[in-house]
Amino acid sequence: MLGPSLDTLPEETMTDLNPQARQMADESMVRNLAAQARAIWPQEVELIRRYALPPAIRILDAGCGTGEAASRLAELFPRSQVLGVDIIDPHLELARARYARLAPRLSFKHQSIYELEAPDGTFDLTVCRHVMHSIPYPDRVLGELVRVTRRGGRLHLIPEDYGMLHFQRGALDPRDFWHEAPPRFGEATGTDLFIGRNVYGILAGLGLADISVDYVVVDTLRVPRETFAAILQAWRDGYVESIGQLTRFTSQQAEAYFDQMIANIRDPRGYAVWMVPVVSARLP
Ligand SMILES: C[S@@+](CC[C@H](N)C(=O)[O-])C[C@H]1O[C@@H](n2cnc3c(N)ncnc32)[C@H](O)[C@@H]1O
């Protein structure tokens with residue numbers, strides 16, 4: 001579905017650091033990004049409206065994946081110029097094909113977010129969603145995002161935090177899984193799967209102003225159960241193999257936890273919640 005096989009992905013370089021490149025390029029991630037956008041955007045767009053930005057702005061979507069947010073931003077700001085950058089070419093090709101109607105106002109380029117081509121102070125709004133938890137040295141990337149944003153411009157980030165997912169107990173207790181698997185996975189990949197709570201301090205250290213932390217609540221009351229379940233299904237399909245390699249859980253055990261969480265979401269009397277941090281800041 002994605003074109004080139006995963007085995008043909010180029011070797012990672014120092015500026016293309018993407019330890020989850022295999023999972024990011026997988027068919028399950030394409031499904032996941034679509035489901036996440038369906039779940040999150042309706043609440044997220046209200047937070048973006050609060051920035052009261054004019055319609056003709058320059059927007060960067062750093063680590064844009066398949067263009068789910070970049071396309072929605074281009075539609076939300078009808079006179080904007082939106083650039084999405086990523087290092088997975090099949091994602092960029094899919095984004096260009098899907099959103100050709102918005103070109104050339106919306107464009108997609110192969111660039112690493114560690115080393116963006118834009119000059120200092122280029123963008124009015126710099127967006128980075130669902131990326132920070134999956135890369136090493138997130139502080140370096142945040143510094144680069146700050147560099148390309150103009151004075152008075154905005155950062156808008158979704159830094160995931162795997163301590164903010166809550167499911168009901170069944171035969172298994174999902175708290176055991178979420179307590180143990182993300183720290184081990186992060187240690188093994190040099191990433192911080194709890195970056196959601198750590199971004200505030202990094203932004204404060206970079207001297208940013210008006211830092212806010214809000215939450216999109218992906219739960220079984222606000223989001224259709226099947227949309228929420230689709231996110232967990234995609235995580236299961238994309239990650240159980242590496243969870244089996246990198247943590248004390250076997251792939252089969254990880255799958256059993258995911259299957260139970262999916263059943264929890266689908267149970268008409270079940271309740272589950274994923275708190276998704278949305279962090280924003282202004283360049284002074
Ligand atoms: C989970 S996806 C999120 C995609 C998109 N932001 C969204 O919200 O739908 C993370 C993306 O970050 C990209 N990424 C990881 N490391 C990167 C790097 N060094 N430069 C550019 N993109 C990167 C991955 O290739 C992947 O497409």
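T189 is buried here, at a relative accessible area of 17% (buried means under 20%, exposed over 50% and partly exposed in between, using a 1.4 Å probe and protein chains only). You'll find T189 in helix α6 (helices are DSSP runs of H or I with at least four residues, strands are runs of E with at least two, and both are numbered from the N terminus). The C-alpha atoms of T189 and P136 are 7.8 Å apart, although 53 residues separate the two along the chain.

A quick word on the source: this is a predicted model, where local features need pLDDT of at least 70 and side-chain atom pairs count only at pLDDT 80 or more, while totals for chains, interfaces and linings use all residues. Residues are numbered from 1 along each chain as its sequence is written, and side-chain values use heavy atoms, with hydrogens and water left out.

**The ligand and its surroundings**

- The ligand sits in the largest cavity. On a 1 Å grid over the protein atoms alone, a cavity is a set of points where a 1.4 Å probe fits but cannot get out, and a molecule sits in one if more than half of its atoms lie within 2 Å of its grid points.
- Around the ligand there are 22 residues, and the closest are G63, D86, I113, R129 and H130 (a residue counts if one of its heavy atoms lies within 4 Å).
- An N or O atom in the D86 side chain is 2.6 Å from an oxygen atom of the ligand.
- For S112, a side-chain N or O atom is 3.4 Å from a nitrogen atom of the ligand.
- I113 uses its backbone instead: an N or O atom there lies 3.0 Å from a ligand nitrogen.
- Of the 590 Å² of accessible area that the ligand has on its own, the protein covers 99% (areas come from the Shrake-Rupley method with a 1.4 Å probe).

**Aromatic rings**

- A search of the whole structure turns up 12 aromatic pairs. Rings of Phe, Tyr and Trp (its six-membered ring) pair if their centres lie within 6.5 Å; planes under 30 degrees apart are stacked, over 60 edge-to-face, and the rest tilted.
- Y162 and W178 make a stacked pair, 5.9 Å centre to centre with 20° between the planes.
- Y162 is in the loop between β5 (149-158) and β6 (165-166) and W178 is in helix α6 (residues 174-189), so this pair ties together parts 16 residues apart in sequence.
- Both Y162 and W178 are buried.
- W178 also pairs with W235: the ring centres are 6.3 Å apart and the planes are at 65°, so this one is edge-to-face.

**Backbone and loop details**

- H130 is in the loop between β4 (123-129) and α5 (138-147), and it is buried at 8% relative accessibility.
- The side chains of H130 and E160 are joined by a polar contact of 2.6 Å (a pair of N or O atoms within 3.5 Å; within protein, one must be able to donate a hydrogen and the other to accept it, and residues adjacent in sequence count only if both atoms are side-chain atoms).
- H130 has a positive phi, near 60°, in a residue other than glycine.
- Y137 has a positive phi too, near 50°; Y137 is in the loop between β4 and α5 and is partly exposed, with a relative accessible area of 44%.
- The peptide bond from A103 to P104 is cis, with omega near 0°, and P104 is in the loop between α4 (89-98) and β3 (106-110).

Conventions. 1 Å grid on protein atoms, 1.4 Å probe; cavity = no way out; pocket = protein on both sides within 12 Å on 5 of 7 lines; lining within 4 Å.
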